[in-house]
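This report examines a loop residue, a helix and its packing, a sheet, and the aromatic pairs of one protein model. The sequence and structure are shown first.

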Amino acid sequence: MPLLQERQRIPLKIKRMGINGEGIGFYKKTLVFVPGALKGETVFCQIVSVKKNFVQAKLLSIEKASKARVQPACGIYEQCGGCQIMHLAYEQQLDFKTDVIRQALKKYRPAGYEAYEIRRTLGMEEPTHYRAKLQFQIRKWRQKVHAGLYAQNSHKLIPIEDCLVQDSQTQELINAITRLLENYKLPIYQEGKSEGIRTVMVRKAKATNQLQVIFVTSKEVRLGLLAAELAQAFPQLKTIAINYNRAKTSDIYGLKTEVVWGVDTIEEEVLHYHFALSPRAFYQLNPKQTQVLYQEVVRALEVEETDHIIDAYCGVGTIGFAFADKVASVRGMDIIPEAIADARANAQNMGFTNTYYEAGKAEEVIPRWYQEGYRADAIIVDPPRTGLDRKLLEMIVAYRPRKMVYVSCNTSTLAQDLVTLAKYYQVDYIQSVDMFPHTARTEAVVKLQKKEC
């Protein structure tokens, strides 16, 4: 019989916090994860799941609270799951996120990791209403349309009408959309029951206050009347698009996106330049911290006028544009054709003649460029949460540009990739930037330089 069993109640001293923001303690040498508990607390919890090497528990009561514990300002914080550490004071959130990087390095142990300089996380002065983009699920029950997020580890929708971390105007817009979907009786997706609108994305350009909306649907819908009323109510709205996703997968978007009202792009600004964003193009969701993040990238790369730079996962070109007027050339690629079209148009509008952008996978495009004679002095990678594609990682090691900056939104996959990269590159430092206050996630900028053989 295992030492601990489901539904068993135990006292626990929390020794540290895990990468997902949960408290971690040991009960007679068994590792116990407790969401909602903080380092230094003594809690009473109930076992909900027994695994081979650990157990999961739910918090029942706090016998001794941490001095860093605060009352979350959000009324649905515990139900929503969108934020994980709002019960932790913000200054301590920054310490936690710095420690998350150390934990990931300790787990995967890239060469020389003990000596890496891990700089304290750069936070926000006002860590609320920072998200300029939302992707809410749309569902309907009791004749009412709801928009929100799934509760953690479930498909139970939590309606959200006033989010503490979401830009107020994007929240106002999604609230209006749900009312109009209900008024015009448009079809709403229900798993296994009905086809229709399943997700809505709203994005705001902070520099111009322009708004953009994508309706993701599993069947044809007519948005004419809704679009007209929405545009009249929100003069800042510039783009309404439909994305068709009929697949029975967890992917939010399908391949086809069509602008049904307004213009194709909205205008945004970062550092010293303006650029356009089409509906599907990737851009960081926290504009204020994006300024900080890109400044750190510029500081880390230390370019020279003769440098040729590859900007992998380039999106609409925003990181590469920070260097285009300082180097010999910038080349980028992305798998989303609309983003590459934006990158090309943005470069042209800014007068850059030394940039080149191509749609495709980095691990396929870059080797061809090298075969054609292009040589990069520096490479910037900003991959998705899954980290670097294995083929791209192998390619970087094979070609080994002198300088590299790795921008990561997942400390675990970053640490995994550094296991390979650190064999060939010196890790000068890792600078964490808090792009996602009140969540367990952080963004990291890693400065790497090729080792001399």
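K39 lies in the loop that connects β3 (30–34) with β4 (42–50); helices (H or I, at least four residues) and strands (E, at least two) are DSSP runs numbered from the N terminus. With a relative accessibility of 54%, K39 counts as exposed. Here buried means under 20% relative accessible area, exposed over 50%, and partly exposed in between, with a 1.4 Å probe and protein chains only. Leaving aside residues up to four places away in sequence, K39 touches I14, K15, R16, M17 and S66, where contact means heavy atoms within 4.5 Å. From K39 to E338 the separation is 299 residues in sequence and 45 Å in space, C-alpha to C-alpha.

The model is predicted: local features need pLDDT of at least 70, side-chain atom pairs count only at pLDDT 80 or more, and totals for chains, interfaces and linings use all residues. Residues are numbered from 1 along each chain as its sequence is written, and side-chain values use heavy atoms, with hydrogens and water left out.

Helix α7 comprises 13 residues (337–349); at 1.5 Å a residue it should span 18 Å, and its end C-alpha atoms are 18 Å apart, which agrees. The expected span is 1.5 Å times one less than the number of residues. Buried in α7 are A339, I340, D342, A343, N346 and A347. These residues cover an arc of only 155° around the axis, which puts them on the same side of α7; the arc is that of the directions from the helix axis to the C-beta atoms. An α-helix has 3.6 residues a turn, so residues three or four places apart point the same way. The exposed residues P337, Q348 and N349 are on the face of α7 turned away from its buried side. The cover over the buried residues includes β15 (273–277), α6 (318–321), β17 (329–334) and β18 (355–359). After α7 comes G351, with a positive phi near 80°.

An open sheet of 8 strands has the order β6-β21-β22-β20-β19-β16-β17-β18, with mixed pairing; two strands pair if DSSP finds at least two bridges between them. β6 (118–122) and β18 stand at the edges with a single partner strand each, so one side of each has no neighbour in the sheet. From one strand to the next, the twist averages 15°. Strands β20 (residues 403–408) and β22 (residues 443–450) run antiparallel and are joined by 6 bridges. S408 has A444 in β22 as its bridge partner. α7 packs on the sheet, touching β17 and β18, and its direction makes about 165° with that of β18. Helix α10 (residues 411–421) also packs on the sheet, in contact with β20, β21 (425–433) and β22, its direction making about 155° with that of β20. Axes are lines fitted to C-alpha atoms, for helices over the stretch in contact, and angles run from 0 to 180 degrees between N-to-C directions.

Rings of Phe, Tyr and Trp (its six-membered ring) pair if their centres lie within 6.5 Å; planes under 30 degrees apart count as stacked, over 60 as edge-to-face and the rest as tilted.

| Pair | Centre distance | Plane angle | Class |
|---|---|---|---|
| F321 and Y357 | 6.0 Å | 75° | edge-to-face |
| Y370 and Y399 | 4.0 Å | 5° | stacked |

F321 belongs to helix α6 and Y357 to strand β18, 36 residues apart. F321 is buried at 0% relative accessibility, and Y357 is buried at 3%. Y370 in helix α8 (residues 362–371) and Y399 in helix α9 (residues 390–399) are 29 residues apart in sequence. Y370 is buried at 7% relative accessibility, whereas Y399 is partly exposed at 32%. One aromatic cluster is formed by Y273, F275, Y283, F321, F352 and Y357.
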